[in-house]
Amino acid sequence: MLAIGLLEGTNGGSDITWLLWVALGFFALMVVVGWLASRKQKPEVEPDSEKHEHHG
């Protein structure tokens with residue numbers, strides 16, 4: 001955030017705003033794509049260890 005503040009001070013403030021919005025949009029897109037990709041994968045069901053134990 002310090003670097004962004006310095007860039008805003010040198011560029012007048014309005015020139016860097018579009019870059020921030022592009023970065024925010026790209027991050028949001030990656031979050032949505034990752035979420036959709038994780039939903040498509042079927043979770044592996046681990047066998048219940050209590051069912052396979054032999055009590056004797």
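A residue is buried when under 20% of its relative accessible area is left, exposed at over 50%, and partly exposed in between (1.4 Å probe, protein chains only). The model here is predicted, and totals for chains use all residues, while local features need pLDDT of at least 70. Residues are numbered from 1 along each chain as its sequence is written.

**Exercise 1.** Work out what share of the protein chain is buried.

*Solution.* Start with the chain's 56 residues. Buried ones make up 2% of them.

**Exercise 2.** Find which helix has the highest mean pLDDT and which the lowest.

*Solution.* First, pLDDT is the predictor's confidence in each residue, from 0 to 100. Now compare: helix α2 (residues 17-40) comes out highest at 94, and helix α3 (residues 49-52) lowest at 60. For the whole chain, the mean is 77.

**Exercise 3.** Decide whether Phe26 is buried or exposed.

*Solution.* Locate Phe26 first: it sits in helix α2. Then check its relative accessibility, which is 53%, so Phe26 counts as exposed.

Key
This is a predicted model: local features need pLDDT of at least 70, side-chain atom pairs count only at pLDDT 80 or more; totals for chains, interfaces and linings use all residues. Side-chain values use heavy atoms; hydrogens and water are left out. Helices (H or I, at least four residues) and strands (E, at least two) are DSSP runs, numbered from the N terminus.
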